[in-house]
Amino acid sequence: MEKRPSCERREFLFKAASLLGAGICLPLVLNWLQGCASETKQPTEPGGTVELDISTVPELQQVGGAVKRTFGNHNSGKPVLIIRLSETQFIVLSAVCTHEGCTVDLPEGGVIPCRCHGARFAADSGNVLQGPARNPLRRFSSEYDPSRNVLRITF
Ligand code: FES
C-alpha cells in the first residue's frame, strides 16, 4: 500500500508549490489533499488523550459500573472497558482478549469473561484469572478529576 504523506505535509507541499510556482502537477497535489477533511486529529490519533465526561455515562454513576466504548482509532479502533472501581477510581482496559483477539464482555462480579474460549480476567487489574489467555488485558492509564467529573484517558 502506498504510504501517503500526512495532511500537514500535504498542505505544506500545496502551499510550497503555490508559492514557488513550481511545475508540480496541480491534480497530483489536489489528490494528496483529498481525505484531509475526513481525517480527524483528535481523539483518533494513537498516543493521544481523551476526556470522558462521566456525567454523560449512566453506567458509570455507580461503583462497579462498567461500559464498553470505542474512541476513534485509539486501541486500534477496538473498544475499551471503563470500569468504576470506587467513587474516585476507574480502570481502562482494552476489550481485546489477549488469547486470540475476541472482544471480551462487560465484567460480572469482578470478572471479565471472554466467551470465545473461556478466558477470564480480573476487572480491577486485567490480570488473567483463567486461561487459555496468558497475558493480561492491556491497561491504559487514566486520571479522574472529581471537581470536573471527567476521566482523562491516555492511549
Ligand atoms: S479469544 Fe478470548 S479466550 Fe480465546
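**Figure 1. The disulfide between cysteine 102 and cysteine 116.** In this predicted model, the sulfur atoms of cysteine 102 and cysteine 116 lie 1.9 Å apart and form a disulfide. A disulfide is a covalent bond that joins the sulfur atoms of two cysteines. The angle about the S-S bond is -95 degrees, and the link between cysteine 102 and cysteine 116 is left-handed. The two partners, 14 residues apart, belong to distant parts of the chain, with cysteine 102 in the loop between strand 4 (90-94) and strand 5 (111-113), and cysteine 116 in the loop between strand 5 and strand 6 (120-122). When the whole structure is searched, one disulfide is found.

**Figure 2. Three cysteines and their accessibility.** Cysteine 116, one partner of the disulfide with cysteine 102, has a relative accessibility of 41% and is therefore counted as partly exposed. Is cysteine 97 buried or exposed? Cysteine 97 has a relative accessible area of 4%, and because buried means under 20%, this residue is buried. Cysteine 114, with a relative accessibility of 3%, likewise counts as buried.

**Figure 3. Valine 92 and the residues around it.** Valine 92 is placed in strand 4, and its relative accessibility of 0% is the reason why this residue counts as buried. Which residues does valine 92 contact, once its neighbours within four places in sequence are left aside? Its contacts are Val80, Leu81 and Ile82, together with Arg138, Arg139, Phe140 and Ser142, and also Leu151 and Ile153. A further view relates valine 92 to serine 125, a residue 33 positions apart from it along the chain, and here the two C-alpha atoms are separated by 9.1 Å.

**Figure 4. The protein chain as the setting of the close-up views.** The secondary structure of the protein chain comprises two helices and nine strands, and the order of these elements, read from the N terminus, is α-α-β-β-β-β-β-β-β-β-β. The protein chain has 155 residues, of which 35% are buried, and valine 92, cysteine 97 and cysteine 114 are among the buried ones. Of the contacts in the protein chain between residues at least 6 apart in sequence, 43% join residues that are at least 24 apart.

Notes
Residues are numbered from 1 along each chain as its sequence is written. This is a predicted model: local features need pLDDT of at least 70, side-chain atom pairs count only at pLDDT 80 or more; totals for chains, interfaces and linings use all residues. Side-chain values use heavy atoms; hydrogens and water are left out. A disulfide is a pair of cysteine sulfur atoms within 2.5 Å. Helices (H or I, at least four residues) and strands (E, at least two) are DSSP runs, numbered from the N terminus. Buried means under 20% relative accessible area, exposed over 50%, partly exposed in between (1.4 Å probe, protein chains only). Contact means heavy atoms within 4.5 Å.
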